Each structure stands twice: as C-alpha cells, then as structure tokens.
Amino acid sequence: MSPRFSLSSSGRDDEDANPLLPQHSSTGEHEPKTPSEHIDDVDLNDAGGEGEEEQRPRTRRPKWTAPQNRKLIVAAGVLLALPILCLFSPLFNFNTLSARDHQTVHAPTPSFTLTLALPKAGAPLSDGLRYAPTADGREGLFPTGEGHAGPMRTGAEAGIVQTAGAFPLVTAVPGLVRPVAKDARDADEFEVFRHLGPLSPYLSSPPYLPTTPLAPDTCSITGVHMLHRHGARYPTTGAPPGEFAKRLHAAVQRGFNASDSRGRRVGFRGELAFLNEWTYDLGEEILTPSGRQQLLDSGASFRNKYGYLLRDFAKKPVFRTTTQHRMHQSAIHWSAGFFGVDAWAERMHLSLLHEWKDFNNTLAPYDACDRPEAYRGSRNAQRWRATYLSRAVDRLNVLSDNFEFGVEDAHALQDLCAYETVALGYSRFCGLFTQKEWAGYGHAWDIAFHGDSGFGSPVGKAQGVGYIQELLARLTSTPIAVHNSSTNATLDDDSRTFPLDQPIYVDFSHDTVLANVVTALNLTQFSEPPPIHKLPVDSALSTRWRTSHIAPFAGNIVIQLLSCSGGSSNRPMKGDHVRVLLNDAVVSLESLGSCAFSADGLCARADFESGLGRMVREVDFAGDCKSGWELGDEVPVRDGRPPSMREKRED
C-alpha cells in the first residue's frame, strides 16, 4: 500500500489542503500557515490503510475568500496592466514594449564594463598579413579544370527595359546592418543610408518624373552609355577617421606613460564605453567586400536589363577604367557580373587610363584641371559642421575623461559610422547621433559637393566637359576634332581603344566626376545652392542637390538611346530620342537648352546632340582651369563656371 500524507492537526482531505484556499485554525480564525508549518504537520510514518477514508471525520469545505498573499495580488495586477502598457507604449516610446525591426530584435546587446581605455584603444589593426601565402607548394593538387563539367547551354539574352512590366529598383542593402539614429525607434523611422552623402551604399534615387527607365510604348532602346562610380571603399589616406584614431591612441598612450597615470588615463562611459577597447580596423583606398559585391550585382543587373544589345556587337566591346586600384577592381568585378567570372577577360577589352598628374583622363579630370582654391564647398561645409554638431560635441565630452572632443572629431565619428558599416557590416558609431544630426551630416556633404564639383564650383563644368566631348563623339560616330580639355588624344583618336560603333559603352570613374557630368549636362534642377546656415526644407516636388542621390557608392549615370515609331497619341513622337537616368531615376533634359519638357524624360536625339555641342563651346577649359581669375567664397557661383570667365566667353 502506498504511503500517503495527511495533516495531523486538522484531518482534512488532501484536496482541502490547497494553499490557494484559506486555512483555518481550531478557533476559526484566518491564520494561513507558513510553508515550514505545513512541512511540520506532515506525518511521514503514517502508511494509511484500507477503509481509512471512511473512519476519518469529514469537515465542510469553507467558503472561498480572497487570498491574503500580497505577491499573488501584485502578480495579478501586473498581468492586468501589461496589455494596457503595450497598447499605449508608442506614446511613451517604450522600446522594450513596442515593436522593433527584425534586425534590432535579433541584435545582441553587448555590455561594456570598462571605464578606462585599454592601451590598444584607437590603434590600427589589419588582417592583411595574416592570410596564408598565395603559393604554398600544393597548387598541383588543385587544378582549376578537370573536365566533366556536364551539359552547358546558354539561354536567350534578357532585356528587362524592353520586355518587363516593372523596373527592378534597389531599395535595400544586402549584407549590411541598417544604422539606427540615436533618437529613432528603428531603422525604418529614419533611413540613415540616405544621409551619408558619397559614402552612402547604393540605393535607387527617388523619381524625378512620373515615369520609369522602361522603354515607353512604341519605343525600343537601341543603345546605352553608362558612367559608373567605383564601389564602397575604405577611407582615403589622411581622411578624418584615421586621423581621429591616431589622436585617440596618442592620448591613451600619454595617459599610460605619465608619471601620475591614474589621474590622466583616458576613459569613456555610457554609450561611449565601447571606445575603451575600440581599434581602428579600416584599410585605405581599396574596395571593401561590400564594394566588390555592389559591382558584381550591378554587372549582373545590367546584363538583365540590356543584355539583348550584345547581339549588335561586331567586335569585342571596349570598356574603360583608370589605373587606380579600386577603379580597376570595380571594372573587373562589374565585368565578372556582366559576362561571368570565367568569361569576362575573353569577351571584352578593358582600357586602362593613367590616373596620375600630367596625364589627360576624362575619368579623373581633376589632374588636368587642378584649382585648389576652387574647392569652396569644403570650406563652407566645415563652417556648417560647427553649427549642427555643437550639441553632439557637448554630449560626447560629458561621457569622456581626459579626452576632449571637437567638432572635427564628432564629424570623424560620423564618417566612421559610414565606413565601418560598408567595411565591417555594422558600426556602433551610428547610434551616437540624432536624426537631425544625420540630416546635418548629409547636408554637409551636399554643401561640399555642390561647391567643389557641382554647379557651385567655378571648375565644375570644365572638369566634366571632357566626358561630354567623348559622349558627343560616340553619339555622332565622329572623332573628337579638337582636344582642348581633359580628353586623351592618344587613346581617343585610336578607334581600337576608343571605338565609336558600340551599342553599349561603360566607363568607371569617381563620385566627383559624376557631379561634374551632372553639371556639364546642365541639369539645372540640381543647381540651387544648398543653404550653408540651416537645413533645407524638402517638399514632394523637391529636386535639390542631394549627394547621396547623385554620387553614392556604385552610383551611375545611364544614357539611353531610343527609337520610337510614334502612335495615335503621338507620344512619344516618331524618331530617335535620348533619355538620362540618374541612379535609376529619369531626369528632365529641358535645361539642356534644345530639349522640350517631356513627362517621359525624352529628348529628340538631334536636339540632345545640339545641346551637348553648345555646352562644349561655352566652356573655356583653359580659361576656367589655368587662368588667373580670383574668386572669394562670398561670390556666388551657380552654373559651374567662374563669373568673370563666363562673361568673357559670352562676349
């Protein structure tokens, strides 16, 4: 017979011993027993027996009353209040109760307990020498081709722009964690990627006209020219992120080496605590892994959009890039995406233009037109940074000991957010700044690029006119008559290195050159100078200069050639037309002079060529780049040329 437990003091049934029901003493008073008292009342020696249940006196179950346990009351109250708090949490911005984006929910929350910087803080770190040597004596064991590849057959060429019902826009950045601003609930509330200027990962620009890059009805796209920026890269030599790291590391070392090091040690608290063990993990100049991926994706996407044009090639296509490492690698990765990793070198020629002083090169025209005093935008951007970063500097200094942040340091931290994100996939620096401060950061880039390379630069058009001359030569199948800009006569006068009969042209260049070409095309919808003392107010119809929309990493300008048969609505008109896309967004060409407004962004090809010719004639490359004009920062420039030289040219 199995042993059983009984309450020796009351003799009640086990079902009446429920601790949730009130327990009664012999006097009838409500005196709940403690857990220890219950344990003492258990008779472990009573084995029980048959018929015992009949012999035990039965008592009436007492009427249930509310439990006296305070913990139960509190628990019930919490369970009742929790749904109410969740319902109203958006009003109070309770991040722990409100919905968060997927990547935030699954992101770890690290804990930084250090309050003093380690000796390595700010030190540069590189894994470039840690990999195995390229030759280790085992190459013969791993041949690249063993045969037995299986059946192979290529399908028909794609042509999204001609056949699809929708155009594939780039609306997300794969492989990178989206930054979240300091005061944003999640990445969707404020898209930091849209405010990183030329350091923005590639995203399609918002539409400027009510149309898409797809061929309009009754039109066929017969040719395409593309000017493509390189992919995401590490900072350039001497850029602010590296300089900040050097300054931080030097301050940390001074603290350790001081005679009274305890009182001079650098340390950070709160949201800056990660700096106590942060190292500078960025390289210099070359493409990052995500930068290589951007170009591979771009090449494959371009093949899907315009692959059918390969049928019209009589010879191998010639594409161009420069000798700079990231430029060369961008061209290779794009070509691998377009033709295939194992096929691109056999199916095309890649022309390398020397990117160095004393060499003419339309893909790096600043070497032939170098006017440091013309870079007014950078000086104005520096003044603007002192305005929008003042509060951020105060916040940073409250959390630091023996290291004083300045405006340029805060700006370097914003740069680090952008560079670490495209190089390492994620950056803790992004969450240090508010939405308004990120808007200010993007605006600083707008001020700099508009004034250094765009319509606000006195050499903006001069630096872009060489590419316009080459574009005009390709459109008209006519060699350049006079080399009076950054064009390279040796290469451009040779039909082998500069063919004039290709249906597809692809050139790889820099962010500043995309800005130069937008200016030389006279796309005046982007000409309005950004305000230098406040953030601009955008509207639904705003087409102001936005560097993240004009020259992001892997940004591009595409010029489509169209042949239209006309139709009953006479739109578009019968004949040959041209259309310009800026990062997948069609732009209006009416400011080119000869082109009428078109909702489809079309310009008659003859009018487009006439407008380009007028731009070439108006720009005095030698005068704008080499003459002795003087221009103070207070003198406005709105059309990419020095006012004095423009007036002289017009005379």
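Reader: How are helix 15 and helix 17 oriented to each other?
Author: In this predicted model, helix 15 and helix 17 are roughly perpendicular to each other (65 to 115 degrees), since the axes of helix 15 (residues 460-476) and helix 17 (residues 511-520) cross at roughly 85° and come within 7 Å. Axes here are lines fitted to C-alpha atoms, for helices over the stretch in contact, with angles from 0 to 180 degrees between N-to-C directions, and helices are DSSP runs (H or I, at least four residues) numbered from the N terminus.

Reader: And which residues meet there?
Author: From helix 15, G460, K461, Q463, G464, V465, Y467 and I468 meet N516, V517, T519 and A520 of helix 17, where contact means heavy atoms within 4.5 Å.

Reader: What about disulfides, how many are there?
Author: The whole structure has 4 disulfides, that is, pairs of cysteine sulfur atoms within 2.5 Å; one of them joins C369 to C625, with S to S 2.0 Å. Its torsion about the S-S bond is about -90°, so the disulfide of C369 and C625 is left-handed.

Reader: Are C369 and C625 buried or exposed?
Author: Both C369 and C625 are buried, meaning under 20% relative accessible area with a 1.4 Å probe, protein chains only.

Reader: Switching to R385, where is it and what does it touch?
Author: R385 sits in helix 11 (residues 376-388) and, leaving aside neighbours within four places in sequence, is in contact with V407, E408, H411 and A444.

Reader: What conventions apply?
Author: Local features need pLDDT of at least 70 and side-chain atom pairs count only at pLDDT 80 or more, while totals for chains, interfaces and linings use all residues. Residues are numbered from 1 along each chain as its sequence is written, and side-chain values use heavy atoms, leaving out hydrogens and water.

Key: Helices (H or I, at least four residues) and strands (E, at least two) are DSSP runs, numbered from the N terminus. Angles under 35 degrees count as roughly parallel, over 145 as roughly antiparallel, 65 to 115 as roughly perpendicular and the rest as oblique. Buried means under 20% relative accessible area, exposed over 50%, partly exposed in between (1.4 Å probe, protein chains only).
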